[in-house]
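User: Please take a close look at the backbone torsions in this model. Where do they need attention, and what surrounds those places?

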Amino acid sequence: MKAILPVHLNGQVVGYINNTGDDHQNALLADKLYDKLGVPQQSKVQKMLMQARAFNMTCRGLHKSHLDKHPIKPEFAPAFIVNATFACEVYIKRIYELRKKEYKETHSLSVLYKQLHNKDQYQINKVYKQLRKQNDADKSPEQIKEAIKTIANAFVDWRYLYEKKGSLGSVNAGTVFLIIIALEMYNVELDEQAKEKENAGQPA
């Protein structure tokens with residue numbers, strides 16, 4: 001007999017599906033149930049924003065609980081960095097999706113950021129510089145592209161830190177948070193611009 005899984009919507013159980021034993025198949029069954037119930041499907045960019053925020057919240061929780069108070073637990077540093085950099089990666093890739101542009105399948109934040117349109121880079125950097133000034137973050141690089149370089153390959157490098165022979169050095173958590181906040185704010189700004197155009201009857 002197959003196990004039954006509850007399907008949730010806004011914290012409430014709205015139905016049940018048979019557990020196939022495969023997460024992807026289970027997700028497809030849940031989507032079919034949502035369709036049956038008339039629940040609007042989330043777009044890819046909506047899902048990307050939610051996922052980026054989830055990684056963002058996870059890295060913040062790890063930092064607050066284990067790295068920002070004594071006794072510091074350095075074993076949580078890789079998990080913090082990996083979640084933080086993946087949040088950044090999804091935020092950047094989401095900008096490409098919003099612009100309907102293709103992007104390289106890479107985890108390198110520098111490569112992804114460098115290939116953004118100049119206008120996007122300028123606006124993100126503008127937000128970053130404002131945040132840097134507001135938070136008196138003198139230890140962080142002045143430009144976001146330089147800040148991104150400090151964690152450009154961290155998602156790959158820190159995942160298997162136990163296999164590295166030497167230390168990867170330290171990462172400035174303040175700089176990491178400035179990058180994440182700037183990318184989050186710019187994604188929200190693009191969403192607001194798209195809504196304004198939609199309300200005005202213009203193509204997004």
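Analyst: Two strands count as paired if DSSP finds at least two bridges between them. Strands themselves are DSSP runs of E, at least two residues each, numbered from the N terminus. Keep in mind that this is a predicted model.

Strand β1 covers residues 4-9, and strand β2 covers residues 12-18. They run antiparallel and are joined by 6 bridges. At one place in this pairing, I4 sits opposite N18 of β2. Between the two strands lie 2 residues. N10 belongs to this hairpin, and its phi is positive, near 55°.

Next comes a peptide bond. The link from H70 to P71 is cis. Its omega is near -5°. P71 lies in a loop, with α2 (44-67) on one side and α3 (77-99) on the other.

Now move on to K100. Its phi is positive, near 60°, and the residue is not glycine. K100 is located in the loop that links α3 to α4 (109-114). Is K100 buried or exposed? Its relative accessible area is 74%. The cut-off for exposed is over 50%, so K100 is exposed.

Relative accessibility is 58%, so D136 counts as exposed.

The cis bond is the one from H70 to P71.

Technical notes:
Residues are numbered from 1 along each chain as its sequence is written. This is a predicted model: local features need pLDDT of at least 70, side-chain atom pairs count only at pLDDT 80 or more; totals for chains, interfaces and linings use all residues. Side-chain values use heavy atoms; hydrogens and water are left out. Helices (H or I, at least four residues) and strands (E, at least two) are DSSP runs, numbered from the N terminus. Buried means under 20% relative accessible area, exposed over 50%, partly exposed in between (1.4 Å probe, protein chains only).
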